[in-house]
Amino acid sequence: MTYQTDPRAFLISLGHAAIKAALPDRIAEHLPDVPEGRTVVVGAGKAAASMAAAFEKLWPAPLEGTVVTRYGHAVPTSRVEVLEASHPVPDEAGLIASRRILSRLEGLTDRDLVVALISGGGSALLALPAGDLTLDDLKAVNSALLASGADIGQMNCVRKHVSAIAGGRLAAAAHPAGIVTIAISDVPGDDPAVIASGPTVPDPTTREDALAVVARYRMQLPEAVMRHLENAACESPKPGHPAFARGTDVRLIARPVESLRAAAAIAEKAGLPTLVLGDTIEGEARDVAQVHAALARSVLDHGLPARPPLLILSGGETTVALPKGGDYGRGGRNSEFALAFGVAIQGFPPEMRARIHALAIDTDGIDGIESNAGAIITPGMFAAAETLGLSPRAFLDRHDGFGFFAAVDGLVVTGPTHTNVNDFRAILIA
């Protein structure tokens, strides 16, 4: 299989390479020293269970702990308890798991070590409301954020100020024990304060920042949440907090850029020139798709920034703003990107369209809340849609990428991958 003989299979193989590069195998290179006292593992995220399994196999001393991951993402462990909960909207299981994790931190001393295994998805899984807020309040906040179009940094700013465990509060609960954070980054810029809402590091954002996000995106939140955010008592731990007196020790074992590099290496070995746009691309999914389509047109029209054949790779985290009270379909941001890209290139001359294949997946294997990782675009796909009487634009207008690609055999299904380094996009121009 080569990119000339089977472009679809080739792009999917690049997606698998990107995922493989983000698996927690490299945790062995980042183990902390064994402490004099106890070692307690806690953690949250879509990769938390696979990280716990890798860690406990390598740890040469007694070990205990609890991590929480998304439903369907658990793996067998022998020493670390693995719980499952809902993502992206929290549920009662997440509340129970969060309390269980905090209970693991009770009674620790400065001779003990807490190892926090953190990955994307932890914000929703650590479902412990702050102050007098309830789980229903957290659900309302997360639902409003997901539909708002806010980027991940803005969403997590709000989440940190309604949580009893995010925004450095997990580290505060572990004090005076030492704490080492082992993380897989799913955010542009790899900022530990944004990954899973930074439960083990100081929070540089303020409640005023959170209120500004709510106002900017005109989110309708419960009155209890607004009262909480307007109260100075909801402020998160800052750098001068005693929990950070010994500094912060964060060890990143996987980053989005490494997945892009892994895919680029395979393409270059196959003799396919590659342009990597970077791992920090954010914005509305359909807008990002328009830019990628314009770049593909420039390659075909002018040979700029490079002549075909060319592979264009990019990562980051796009968003999808859903209409309030609107009638919309199914699908996540990668299916939305792929459909918007496909619609955009339909304006190209037929001979150009025939030279373009594209893939967009979420490296955790779940695009939004659906069963697919994302979707793939092939030259004959839109002709097939026309034969079926389907309007790609109509599907896009109601945010139903899943429905469109299910009808034309364009869904990419990997199942849970037990890691998460965000979006992976690959566009092949033959």
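1. In this predicted model, a salt bridge joins the side chains of Asp-397 and Arg-393, with an N to O distance of 4.0 Å. Both residues belong to helix H15 (residues 392–397), and because they are 4 residues apart there, about one helical turn separates them. Asp-397 is partly exposed, its relative accessible area being 48%. Arg-393 is likewise partly exposed, with a value of 43%.

2. For the structure as a whole, the number of salt bridges is 24.

3. Glu-64 and Arg-104 make another of these contacts, a salt bridge in which the closest N and O atoms lie 3.8 Å apart. This pair connects distant parts of the chain, 40 residues apart: Glu-64 is in strand E2 (residues 64–70), while Arg-104 is in the loop between helix H3 (92–103) and strand E4 (113–118). As for accessibility, Glu-64 counts as partly exposed because its relative value is 27%, whereas Arg-104, at 16%, counts as buried.

4. The salt bridge between Arg-333 and Asp-362 has an N to O distance of 3.1 Å. Arg-333 is placed in helix H12 (residues 333–345) and Asp-362 in strand E10 (residues 356–362), so their pairing ties together parts of the chain that are 29 residues apart in sequence. Arg-333 and Asp-362 are both buried.

5. Arg-333 also bears on the description of the largest pocket. The volume of this pocket is about 880 Å³. Its lining comprises 45 residues, and those nearest the centre are Pro-88, Leu-146, Arg-333, Gly-368 and Ile-369. Several secondary-structure elements contribute at least two lining residues each, namely helix H4 (122–125), helix H5 (135–148), helix H6 (152–160), strand E9 (310–319) and H12.

6. The largest nonpolar core contains 58 residues, and the members that touch the most others are Leu-311, Phe-341, Phe-405 and Phe-424. For Phe-341, setting aside residues up to four places away in sequence, the contacts are Ala-289, His-292, Ala-293, Ile-356, Ala-358 and Ile-427. Another core, of 50 residues, lies apart from the largest one; its members include Leu-126, Leu-145, Val-213 and Tyr-217.

7. The cysteines call for a separate comment. The count of disulfides is 0. The cysteine sulfur closest to that of Cys-157 belongs to Cys-234 and lies 9.9 Å away, which is too far for a bond. Conversely, Cys-234 takes part in no disulfide, and its nearest cysteine sulfur is that of Cys-157. Cys-157 counts as buried because its relative accessibility is 4%. Cys-234 is also classed as buried, with a relative accessibility of 3%.

Technical notes:
Residues are numbered from 1 along each chain as its sequence is written. This is a predicted model: local features need pLDDT of at least 70, side-chain atom pairs count only at pLDDT 80 or more; totals for chains, interfaces and linings use all residues. Side-chain values use heavy atoms; hydrogens and water are left out. A nonpolar core is a set of buried Ala, Val, Leu, Ile, Met, Phe, Trp, Tyr and Cys residues joined through side-chain atoms within 4.5 Å. Buried means under 20% relative accessible area, exposed over 50%, partly exposed in between (1.4 Å probe, protein chains only). Contact means heavy atoms within 4.5 Å. A disulfide is a pair of cysteine sulfur atoms within 2.5 Å. On a 1 Å grid over the protein atoms alone, a cavity is a set of points where a 1.4 Å probe fits but cannot get out, and a pocket is an open set with protein on both sides within 12 Å along at least five of seven lines; lining residues have an atom within 4 Å of a point. Grid points are joined across faces, edges and corners, and a volume is the space filled by probe spheres set on the points.
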